Structure formats: C-alpha cells, structure tokens
Amino acid sequence: MLMRLTILGLAGMAAIAPALADSGGLRLAAAGDRSRPSPAAAACPFLVDSPTTIAAKSDSPAEAIQVIGEMADKGEPFQVSDALPAGPHPPWSRFVSAQGQGCDLTIDYEHGGIGHFRAKKRLHFDGLNWTLVNR
C-alpha cells in the first residue's frame, strides 16, 4: 500500500511539474542542476555570464571607486603634470572605463604626473565590501 501511494505521488508530481515550471511557479531542481545561481552569485552586482562595460565613473559602484581613491571622471580635468597649481588641485587619476563580470570589477584609469601612465585595478565584491585584488 505504501509503495503504491509513493508511486502515485511521484507520478502526480511529474504531471504537475511542467505546468508549474511553465507558469513561473515552483521549479524542481534535479541533482547537479546548475541553472540556479549560487547565493554568492546572487549578491554579485554584475551578470555572471557576460561582461558589463561601464563608460563613466558615475555609473560604477561608488564604494569600488573609493577603494582606489579620488579620481576624476572621463573628460574631467586631472593633475597631468607635477607642476601643481596654486590652491586646490584636481585629482591625480582619471577614470577611462571599467568592466564588471559577476563579483569582479576591473577599472582602467590614467594617472598623471611626470610619469603619466595608464593602469588597471581589479576589485572583488564579497557581498558586503569591495577589496583590491592586485596592487
């Protein structure tokens, strides 16, 4: 009797599962099903499957930019040479672009001064904070 109820229960579940899945309802995950994002991936600010290009500093996560330090946005003035103007001077670095994927963000920026150069910094988001991966 118990075996018969179990078989009937499984058959009933198999019959309603496609209808629930099509309607956006309950989804039964098979063992090894990787289609649902992990809890860590759910906390990531960017898509995991494809990179997101960010063209302006203002479109980047503010907390990530703060980890790197003061930075002008694309097209804004920044300290290009070592000759400092009187009074407050612009930031030493300027945002060029960024690319985010999953919990990682790579920021491309230029740094002024006599050794003017471009650099990239990679940051990782752990669900709470951004941390610098490379220095």
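Is Asp-104 buried, exposed or partly exposed? Asp-104 has 28% relative accessibility and therefore counts as partly exposed, where buried means under 20% relative accessible area, exposed over 50%, and partly exposed in between (1.4 Å probe, protein chains only).

The model is a predicted one, in which local features need pLDDT of at least 70 and side-chain atom pairs count only at pLDDT 80 or more, while totals for chains, interfaces and linings use all residues. Residues are numbered from 1 along each chain as its sequence is written, and side-chain values use heavy atoms, with hydrogens and water left out.

pLDDT, the predictor's confidence in each residue from 0 to 100, has a mean of 76 for the protein chain, and 67% of the residues reach 70 or more. Helix H1 (residues 2–22) has the lowest confidence, with a mean of 43, and E1 the highest, at 97. Over residues 1–34 pLDDT stays under 50, and the model has nine contacts beyond four places in sequence for this stretch; a contact means heavy atoms within 4.5 Å.

The secondary structure consists of three helices and five strands, in the order α-α-β-α-β-β-β-β from the N terminus on. Helices (H or I, at least four residues) and strands (E, at least two) are DSSP runs, numbered from the N terminus. Of the 135 residues in the protein chain, 25% are buried.

The five strands form an open sheet with antiparallel pairing, in the order E1-E2-E3-E4-E5. E1 and strand E5 (130–132) are the edges, and each has a single partner strand, so one side of each lacks a neighbour in the sheet. On average, neighbouring strands of this sheet are turned by 25° against each other, direction ignored; the axes are lines fitted to C-alpha atoms, for helices over the stretch in contact, and angles run from 0 to 180 degrees between N-to-C directions.

Two strands pair if DSSP finds at least two bridges between them. Strand E1 (residues 52–54) is joined to strand E2 (residues 93–101) by three bridges, and Thr-52 has Gly-100 in E2 as its bridge partner. E2 pairs with strand E3 (residues 104–111) over eight bridges, again antiparallel. Here Ser-93 is partnered by His-111 in E3. The hairpin of E2 and E3 has two residues between the strands, and Gly-102 takes a positive phi near 65°.

Ser-60 is buried, at a relative accessible area of 7%. Apart from neighbours within four places in sequence, Ser-60 contacts Ile-54, Ile-65, Phe-95 and Ala-98.

The structure has three salt bridges, each defined by a side-chain nitrogen of Lys or Arg within 4 Å of a carboxyl oxygen of Asp or Glu. Glu-110 and Arg-94 form one of them (3.0 Å, N to O). Glu-110 belongs to strand E3 and Arg-94 to strand E2, so this pair ties together parts that are 16 residues apart in sequence. Glu-110 counts as buried, at 13% relative accessibility.

Asp-104 takes part in a salt bridge with Arg-122 (4.0 Å, N to O). This pair links strand E4 (residues 117–125), which holds Arg-122, to strand E3, which holds Asp-104, across 18 residues. Arg-122 is partly exposed, at a relative accessible area of 33%.

Asp-108 and Arg-118 also meet in a salt bridge (2.5 Å, N to O). Asp-108 lies in strand E3 and Arg-118 in strand E4, ten residues apart. Asp-108 is buried, at a relative accessible area of 10%, whereas Arg-118 is exposed, at 54%.
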